[in-house]
Amino acid sequence: MTIYDVSEKAGVSIATVSRVLNGSDNVSAQTRQKVLAVIEACDYTPNAFARGLGLNSMNTIGILCADSSDLYLANAVYHIEQELRASNYNCILCCTGYDLSDKQKYLNLLVNKKVDSVILVGSNFVSDNDADNDYIRSAAAEIPVLLLNADFDCENVYCSLCDDFKSTMQATAYLLQTGVEDILYLYNSKSYSAFRKLSGYQSALTQKGIVPRMEYMQFFPGRNAHLPAIADFLAELDGAIRYKGIIAANDNLAIGAVKYAHKRGLRIPEDLSIVGYNNSILSVCCDPELTSVDNRLETLCHHIVNTLIGILDNREMPQKVIFSGELIKRGPTL
């Protein structure tokens with residue numbers, strides 16, 4: 001028996017059950033009595049650390065990220081941890097890798113540790129195969145689950161994300177406006193975010209009357225940190241396809257493209273225009289500096305922690321908030 005089962009039997013939301021358990025005044029007497037009757041009839045035992053039961057909260061939040069060496073994920077964890085610390089919450093960080101079984105194992109571990117909530121950092125925790133998302137649903141039946149830069153419709157799951165589709169569409173449209181039409185899209189992830197970016201790239205081409213071609217959508221199978229390998233990957237495409245611009249799904253890939261251009265003796269932007277994504281520190285550490293999409297990471301982290309604090313304070317909070325990215329124009333496309 002879980003809090004989700006209680007909510008179903010009582011015909012109310014999980015949030016309402018939580019408010020009853022926490023002694024909130026923001027519940028009608030009739031609804032409170034209905035929920036308590038179900039709890040008594042089903043012999044439901046809530047989380048021993050739940051607020052309002054005469055015991056203290058653990059004041060601990062679980063954080064899951066796939067790879068702490070990834071610059072984007074590392075920055076996200078840093079901002080989230082700083083925000084939580086300022087609100088007097090402790091953190092337990094688990095780096096899961098990308099295998100589904102490991103994600104399930106570590107999420108279950110945190111739930112069993114009786115943390116107050118879990119934040120999943122990055123869209124790779126959500127799968128296109130809906131059955132693979134059951135582990136998130138199971139966790140959300142026990143505690144609030146928050147997703148950073150991912151979209152998942154489930155009760156007690158809260159999402160804070162950048163509009164990757166619109167942001168990439170605008171970045172691609174910008175290159176098209178500069179006269180570059182043969183544009184390569186370079187990506188190395190099959191996450192929700194990566195495919196939203198890919199769709200944005202395709203949409204911008206279609207709106208311009210250009211038919212997207214599969215050979216211009218290239219998946220790099222290596223890791224973000226392997227910049228020379230990214231350059232070598234692009235070199236292997238020489239002769240197979242011709243392009244004057246690259247839209248990269250992240251700044252690492254874009255820097256790899258810059259290294260490729262330097263090795264080939266290509267001028268940026270005269271011979272090759274490059275746009276990155278994330279507006280990370282890498283975008284100003286190359287020559288010339290990199291035009292990149294600012295996906296508002298710090299804002300996303302601030303919002304997701306504010307949402308979490310509101311939930312734990314038994315306030316009604318929006319389940320999904322989408323922020324717009326901004327194209328930061330620098331040297332390569334001027």
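How do the residues of the lining of the largest cavity divide into nonpolar, polar and charged, and which class holds what number? In this predicted model, the lining of the largest cavity comprises 3 nonpolar, 3 polar and 1 charged residues. A search of the whole structure returns 1 cavity of 30 Å³ or more, and the volume of the largest cavity is about 30 Å³. The residues that line the largest cavity are Ser167, Gln170, Ala171, Val293, Gly325, Glu326 and Leu327. At least two residues of this lining are supplied by each of α7 (164-177) and β12 (326-328). The most is given by α7, with 3 residues.

The largest pocket holds about 820 Å³ of space. It is lined by 39 residues, of which Asp70, Tyr98, Asn124, Ser189 and Asn224 are the closest to the centre of the pocket. Two or more residues of the lining of the largest pocket come from each of the elements α4, α5 (100-112) and α8 (192-207). Among the contributors, α8 gives the most to this lining, with 4 residues. By class, the lining of the largest pocket consists of 14 nonpolar, 16 polar and 9 charged residues.

Helix α4, which contributes to the lining of the largest pocket, also takes part in a helix pair. The axes of α4 (residues 71-86) and α11 (residues 297-312) come within 9 Å and cross at roughly 40°; the two helices are therefore oblique to each other. The crossing in which α4 passes α11 is right-handed. On the α4 side, the residues in contact are Tyr72, Asn75, Ala76, His79, Ile80, Glu83 and Leu84, which meet Leu297, Glu298, Leu300, Cys301, His302, Ile304, Val305 and Leu308 of α11. The contact of α4 with α11 has, by class, 10 nonpolar, 3 polar and 2 charged residues.

The contact of α2 with α3 divides by class into 6 nonpolar, 2 polar and 1 charged residues.

Definitions and conventions. Residues are numbered from 1 along each chain as its sequence is written. This is a predicted model: local features need pLDDT of at least 70, side-chain atom pairs count only at pLDDT 80 or more; totals for chains, interfaces and linings use all residues. Side-chain values use heavy atoms; hydrogens and water are left out. Ala, Val, Leu, Ile, Met, Phe, Trp, Tyr, Cys and Pro count as nonpolar, Asp, Glu, Lys and Arg as charged, and the others, Gly among them, as polar. Axes are lines fitted to C-alpha atoms, for helices over the stretch in contact, and angles run from 0 to 180 degrees between N-to-C directions. Angles under 35 degrees count as roughly parallel, over 145 as roughly antiparallel, 65 to 115 as roughly perpendicular and the rest as oblique. A crossing is left-handed if the near helix is turned anticlockwise from the far one by less than a right angle, and right-handed if clockwise. Contact means heavy atoms within 4.5 Å. On a 1 Å grid over the protein atoms alone, a cavity is a set of points where a 1.4 Å probe fits but cannot get out, and a pocket is an open set with protein on both sides within 12 Å along at least five of seven lines; lining residues have an atom within 4 Å of a point. Grid points are joined across faces, edges and corners, and a volume is the space filled by probe spheres set on the points.
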